[in-house]
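Morning, everyone. I have one structure to go through today, so please look at the screen.

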2 protein chains.
Amino acid sequence: MSSSLAPFFNAKGVAVLGASTNPKKLSYGIVNNLLSHGYEGKVYPVNPNADEILGLKVYPTIADVPDPVELAVVVLPVTIIMETMKAVGERGIKAAVVITGGFKELGEEGAKIERDLKALTDSYGMRIVGPNCVGTMSMYTGLNSTFIKGMPVAGPIAFVSQSGALGGGVIDLVLDSNIGFSHFASLGNQMDVNETDMIEYLGDDPNVKVIAVYTEGLTDGQRFIRVCREVSRKKPIVFLKAGKNEAGAKAVSSHTGSLAGSYAAYQAALKQAGVIEVQTLSELFTVAWTLGTQPLPKDKRVAMTTNAGGAAALAADSLDFYGFSLAKIDPKIQERLRTKLNPSAQVSNPVDMLGSVSPADYAWSLENLDADGGVDVLLPILVPQALVDTPGVAQAWIDIKKKSKKTFLTILTGKHSTLEAEQALNRAGVPVFTYPDQVGPALKGLWDHKEYLDSPKFEQVEVKGVDKHKMAAAMKLVGERKAVGEYESRIMLEAYDIPNVPGDLATSADEAVEIAQACGYPVVLKIVAEGLLHKSDAGGIKLNIKDDEELRVAYDNLIAHIAKVEPNAKIQGAMVERMAEKGQEVIVGMRRDETFGPMMMFGMGGTMVELLKDINFKIAPLSREDILAMIDETIAGRLMKGFRGSKPADMEAVIDVIARLSQLAIDNPEIEEIEINPLIVYPEGKGVVAIDSRAILK
Amino acid sequence: MSSSLAPFFNAKGVAVLGASTNPKKLSYGIVNNLLSHGYEGKVYPVNPNADEILGLKVYPTIADVPDPVELAVVVLPVTIIMETMKAVGERGIKAAVVITGGFKELGEEGAKIERDLKALTDSYGMRIVGPNCVGTMSMYTGLNSTFIKGMPVAGPIAFVSQSGALGGGVIDLVLDSNIGFSHFASLGNQMDVNETDMIEYLGDDPNVKVIAVYTEGLTDGQRFIRVCREVSRKKPIVFLKAGKNEAGAKAVSSHTGSLAGSYAAYQAALKQAGVIEVQTLSELFTVAWTLGTQPLPKDKRVAMTTNAGGAAALAADSLDFYGFSLAKIDPKIQERLRTKLNPSAQVSNPVDMLGSVSPADYAWSLENLDADGGVDVLLPILVPQALVDTPGVAQAWIDIKKKSKKTFLTILTGKHSTLEAEQALNRAGVPVFTYPDQVGPALKGLWDHKEYLDSPKFEQVEVKGVDKHKMAAAMKLVGERKAVGEYESRIMLEAYDIPNVPGDLATSADEAVEIAQACGYPVVLKIVAEGLLHKSDAGGIKLNIKDDEELRVAYDNLIAHIAKVEPNAKIQGAMVERMAEKGQEVIVGMRRDETFGPMMMFGMGGTMVELLKDINFKIAPLSREDILAMIDETIAGRLMKGFRGSKPADMEAVIDVIARLSQLAIDNPEIEEIEINPLIVYPEGKGVVAIDSRAILK
């Protein structure tokens with residue numbers, strides 16, 4: 001591996017700057033960890049006031065450290081961080097873990113030091129993990145630059161955690177379980193190396209079978225999506241986001257100074273990038289462990305064999321909730337099962353062998369269920385009982401798993417009497433869950449990954465016929481204003497060839513009549529005035545005007561009315577637009593997310609928007625599949641397909657509008673929000689028309 | 001306690017029928033358990049082929065057992081169960097735990113034995129727990145009639161489990177944690193004693209602070225609601241239902257032969273009865289343990305103090321999701337906090353004291369947060385780290401908790417290094433969670449219980465003016481049919497004084513005109529024909545008929561059309577009804593649930609019903625509060641309150657219709673389903689009108 005991140009996991013030598021002789025200091029723990037887990041490289045404690053630590057020679061300065069040295073671990077105070085890192089750079093070391101805290105997480109003063117530090121380390125071409133982190137581990141090389149007590153066994157999961165403390169907690173959680181890890185990286189403030197870098201790096205490491213990420217906020221969401229889209233084709237990425245909602249986001253920003261970003265944008269981005277989102281810390285590891293050890297199921301049919309019907313019923317609820325089902329066991333196999341099991345046993349699914357079950361019972365039932373072509377997932381369940389040989393049962397499960405090609409998950413609902421069995425199962429790469437409800441998310445993780453692998457590669461939907469001059473003209477019309485009314489936003493839509501309802505701005509009654517005659521009666525009249533966004537609430541709209549005479553009166557009345565009720569509004573005139581024929585009303589819009597950029601939205605339009613909240617999001621750029629999925633997942637989308645005898649709506653026209661609006665958002669980063677509501681959708685082949693629109697600029 | 005269930009937990013003597021001298025037998029385990037946990041009553045093994053078990057004298061038959069003996073535990077085969085139980089009855093024992101399996105759970109043959117057994121034990125006035133169960137425990141008397149290894153410490157939680165195996169698993173799970181239990185009862189097939197009986201009994205036991213129930217299906221849901229409504233006023237009931245959906249229900253029915261019932265009905269019933277529903281086995285105990293040890297919070301403001309920002313962020317997400325919020329810490333208290341904490345610590349909420357925290361830091365932060373009147377819940381969080389004294393931190397938490405009156409929950413995210421601290425916390429009655437996301441459900445449990453205690457006592461809404469003769473007449477008209485069309489269902493609604501749109505059945509064009517003249521044009525014409533429920537699909541409806549002439553033509557055409565397209569339909573004529581004015585369309589209906597009886601429903605009506613699935617359920621009888629809640633939780637309900645300038649709808653008229661339809665359902669158990677769709681709701685004071693209705697009889 002020639003990646004600049006390689007030294008964090010397999011440097012030939014590691015220097016620990018600030019290594020202490022005091023066993024109560026974290027830096028002592030780091031040196032100890034570097035010596036305790038089979039790391040074969042050199043370890044160099046650096047400390048001007050010590051001679052020896054743990055039998056190692058101590059070097060007074062980093063300049064004194066001999067080759068090979070490829071990684072510096074820095075535990076010195078923030079007050080001397082600049083000179084320290086300069087010395088590291090001068091020594092020619094290209095990778096450093098900065099454990100030291102006191103940067104961005106403490107506010108602007110610390111953020112400034114962090115920016116200065118970044119400039120310095122960049123000038124040396126160094127890669128930095130941290131600051132404010134707990135370091136890195138490779139379970140394969142034994143390089144452990146953290147002060148965490150204990151190290152998991154080697155295995156398939158690479159774990160990337162923004163929070164070092166939480167990472168340490170996770171290691172404490174899994175230490176006794178034999179769940180296997182390949183890498184651990186705590187990224188802290190991510191001054192340089194961030195999750196996306198790590199994901200890209202780990203994507204190429206053959207020891208890594210699955211990447212588990214805990215984060216509080218990403219930077220450069222667009223690059224994250226691009227990288228994850230590629231890596232997800234090679235191995236699954238499982239992702240837990242903290243700071244999903246208001247309270248969580250507040251907790252996050254007071255913690256590492258991250259911006260939590262909009263959770264809706266995260267959900268959309270993760271899905272588009274093939275990343276498997278989990279909801280809890282526990283799920284992060286049950287799902288990753290499953291993906292790291294099990295083959296993807298062919299289909300969603302699960303067979304259970306159990307000594308406790310209740311546990312099977314709870315598992316069945318969970319798998320059903322996550323879209324899996326109970327396999328129908330072949331009647332011949334049911335008969336075969338019966339020949340050796342307790343006569344009171346149930347041989348349909350779940351196979352319930354009653355409380356006092358033997359290892360042989362499990363072997364027999366699993367062997368037969370494995371032979372059933374209608375079964376994709378095997379799920380043995382044991383609730384420990386007085387007379388049951390729990391370790392023996394675990395061994396029977398392991399033996400069958402070795403012979404089986406099916407997805408294999410197990411449940412062992414206990415704690416006091418189950419540790420030995422749990423360790424044996426995990427050691428053999430057989431995921432074991434304590435609670436029946438943990439099965440559903442694990443299965444869904446497998447299925448999500450399978451669906452991603454089966455989906456076509458991302459190809460951005462193409463948009464032709466954009467008139468950049470017209471767009472520039474619209475932006476010029478807007479000038480310095482932030483709120484863009486319909487008059488200018490119509491021109492923007494036109495520039496991207498999105499059909500508006502026929503009409504134009506009238507600045508006098510005469511002009512209004514001229515426009516109406518051109519587009520045809522009946523027409524609608526809408527006030528156009530700077531500083532007046534809610535036209536309808538102010539009485540600024542007049543519908544269904546039938547002829548010239550009515551229009552003249554309406555125009556003059558409207559101008560006079562607005563001048564009276566909104567004396568501060570700068571009236572420009574009124575839009576005259578043909579009354580559109582009725583059709584299905586949808587909303588198409590874009591809100592620029594601070595992390596991911598243009599977040600497109602689609603859903604039920606008109607006045608029901610707020611009540612139904614039938615809105616779906618995707619991050620642009622979009623593929624055709626993204627757009628179809630965005631439409632499909634809404635009630636509006638189901639209505640479009642034809643409902644209770646109504647004709648199917650013009651799906652292609654809607655797809656085209658979404659594609660064009662997303663191109664508009666990509667091309668014009670100064671547009672913060674833009675929205676067409678309603679877009680009226682007519683039956684297949686009859687197109688769409690934008691009835692109203694607005695935008696907000698940066 | 002003079003309850004007939006008392007002997008299951010504090011009999012003065014217990015006989016074990018089928019006690020074996022073989023330590024590998026379950027019955028040996030039972031005798032051993034009766035001797036091992038401080039039970040002070042007499043223990044009598046019964047076995048004609050043994051002299052001594054575990055130092056106890058063995059009696060050849062139950063008749064030989066001397067007084068005092070108040071409970072029989074039966075482990076003999078189903079083949080001799082009748083004679084065994086007869087002997088128990090003859091001996092005058094009024095309570096028995098039947099561990100033996102081979103009854104209802106194996107199908108009809110077993111179900112018959114179970115019915116015979118019930119008749120026998122009823123004739124002796126005996127109460128039976130089981131069959132097919134693992135027995136009962138009292139952590140206070142030490143009476144343990146199970147063969148489960150180990151017994152939890154004494155504490156507040158009474159645990160009632162339909163599944164014995166799962167109950168045993170739970171005990172294995174909590175055994176090392178010091179979570180305290182008062183009772184354990186595994187009910188098995190519930191031939192006699194069911195959950196409701198147990199809940200009623202435990203409701204009166206002062207040692208019980210909270211009742212945790214795991215079940216797969218209830219019997220007599222109406223009694224369950226009545227009993228739980230009362231018991232929930234005294235102590236919280238926490239409830240986990242297995243068999244929620246198709247797969248789970250299938251797993252359940254092949255297990256104990258229970259009917260899983262409709263989950264929607266369960267959800268409604270639990271809420272109405274003040275029972276706190278949880279979703280997972282793990283939640284059942286975190287929520288129960290919280291309710292059993294913590295005071296209810298005054299409000300929803302949580303203060304966290306942590307050494308790991310990430311864990312706090314995940315906890316904040318969880319509490320926000322469940323409706324709690326981060327307290328705003330008084331600035332004066334923030335200043336005080338700062339005086340003793342690490343200068344880099346965050347003193348807003350969450351108080352983040354950074355990784356290497358001391359017990360004194362927690363004591364200081366908690367003491368100050370406890371003094372903040374704007375804080376209702378204290379939530380210290382620790383992720384174990386190399387230099388942190390985890391047991392010392394736990395002790396600091398316990399010390400503050402003893403002085404605090406606030407709700408107090410704790411998070412300790414670890415396993416390898418946290419057992420000692422976890423045990424100390426639970427022993428002191430301080431709930432400790434491993435995962436940050438476990439906090440939300442626990443807090444919600446407290447809040448749900450508080451809201452129930454604050455709600456008015458159930459008072460059934462009163463319905464007057466029911467015309468039972470008219471109802472009887474309608475039923476007579478229906479005769480033997482199961483499907484009831486609008487003609488008869490209108491009469492049923494009339495009998496309960498629910499307003500129908502004016503109209504009547506016409507059997508000729510002349511009659512049609514007569515009816516139309518009476519109710520006023522325009523009218524609608526709807527075919528009435530036996531065996532034709534979907535009038536509209538068959539072209540059996542003609543709208544907006546304006547005068548006599550048009551009506552005559554329409555009538556004749558309609559009859560001719562239906563005779564042609566539905567030659568098997570028995571045409572009775574056509575309903576002639578006034579075209580109703582437009583208004584908000586809602587649906588009001590009832591479906592009789594196999595477990596709970598009349599399940600009322602309310603939601604958005606008309607053609608959007610299927611698409612929006614905006615339906616809410618409650619079990620009748622209903623209080624006014626039930627009806628209001630049922631309406632409130634729907635989109636239809638929000639629309640009724642006035643939306644975007646529309647006038648508020650006639651809420652009282654809708655409440656009245658729901659009350660009347662639920663009375664109709666209660667009075668007429670032969671009605672399986674009845675539905676008004678749409679019911680048109682007019683603005684406040686203008687009432688409602690039923691436009692169409694139908695019913696299905698048993």
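This is a predicted model: local features need pLDDT of at least 70, side-chain atom pairs count only at pLDDT 80 or more; totals for chains, interfaces and linings use all residues.

Chain A has 24 helices and 31 strands. Its C-alpha trace spans about 95 × 75 × 40 Å along the principal axes. Of the 698 residues in chain A, 57% are buried. Now take the contacts in chain A between residues at least 6 apart in sequence: 72% of those join residues at least 24 apart.

Next, pairs of helices. Two packed helices are described by the angle between their axes and the distance between the axes.

The pair to begin with is α6(A), residues 195–203, and α7(A), residues 221–234. They pack at an angle of about 20 degrees, and their axes are 10 Å apart. Angles under 35 degrees count as roughly parallel, so α6(A) is roughly parallel to α7(A). The crossing of α6(A) and α7(A) is left-handed. On the α6(A) side, the contact is made by A:Thr196, A:Ile199, A:Glu200 and A:Gly203. From α7(A) come A:Arg223, A:Phe224, A:Val227, A:Cys228, A:Val231 and A:Lys234. By class, that contact has 5 nonpolar, 2 polar and 3 charged residues.

Now the other pair: α12(A), residues 331–340, and α13(A), residues 359–370. Their axes are also 10 Å apart, but the angle is about 165 degrees. Over 145 counts as roughly antiparallel, and α12(A) and α13(A) are therefore described that way. The crossing of α12(A) and α13(A) is right-handed. Which residues of α12(A) and α13(A) meet? In α12(A) they are A:Ile333, A:Arg336, A:Leu337 and A:Lys340, and in α13(A) they are A:Trp364, A:Ser365 and A:Asn368. These divide into 3 nonpolar, 2 polar and 2 charged.

Over to chain B, and the question of what is buried. Helix α6(B), residues 195–203, has 7 of its 9 residues buried, so it is largely enclosed by the rest of the structure. The buried ones are B:Glu195, B:Thr196, B:Asp197, B:Met198, B:Ile199, B:Tyr201 and B:Leu202. Among the elements that cover them are the strands β9(B), β10(B), β11(B) and β12(B), along with helix α7(B).

Then there is α15(B), residues 419–427, where B:Ala421, B:Glu422, B:Leu425 and B:Asn426 are buried. Why are these four on the same side of α15(B)? Because they cover an arc of only 125 degrees around the axis. After α15(B) comes B:Gly429, which has a positive phi, near 75 degrees.

Last, the contact between the chains. How many residues does each chain give to the contact? Chain A gives 81 residues and chain B gives 81 residues. On the chain B side, the elements that give two or more residues include α2(B), α5(B), α8(B), α10(B) and β15(B). The element that gives the most on that side is α11(B), with 11 residues. The chain B side divides into 36 nonpolar, 30 polar and 15 charged residues.

That is the end of my part.

Methods
Residues are numbered from 1 along each chain as its sequence is written. Chains are lettered from A and ligands numbered from 1 in the order in which they are written. Two residues are in contact if their C-beta atoms, placed from the backbone, lie within 7 Å. Ala, Val, Leu, Ile, Met, Phe, Trp, Tyr, Cys and Pro count as nonpolar, Asp, Glu, Lys and Arg as charged, and the others, Gly among them, as polar. A residue is buried if 20 or more other C-beta atoms lie within 10 Å of its own, exposed if 12 or fewer, and partly exposed in between; C-beta atoms are placed from the backbone. The arc is that of the directions from the helix axis to the C-beta atoms. Axes are lines fitted to C-alpha atoms, for helices over the stretch in contact, and angles run from 0 to 180 degrees between N-to-C directions. Angles under 35 degrees count as roughly parallel, over 145 as roughly antiparallel, 65 to 115 as roughly perpendicular and the rest as oblique. A crossing is left-handed if the near helix is turned anticlockwise from the far one by less than a right angle, and right-handed if clockwise.
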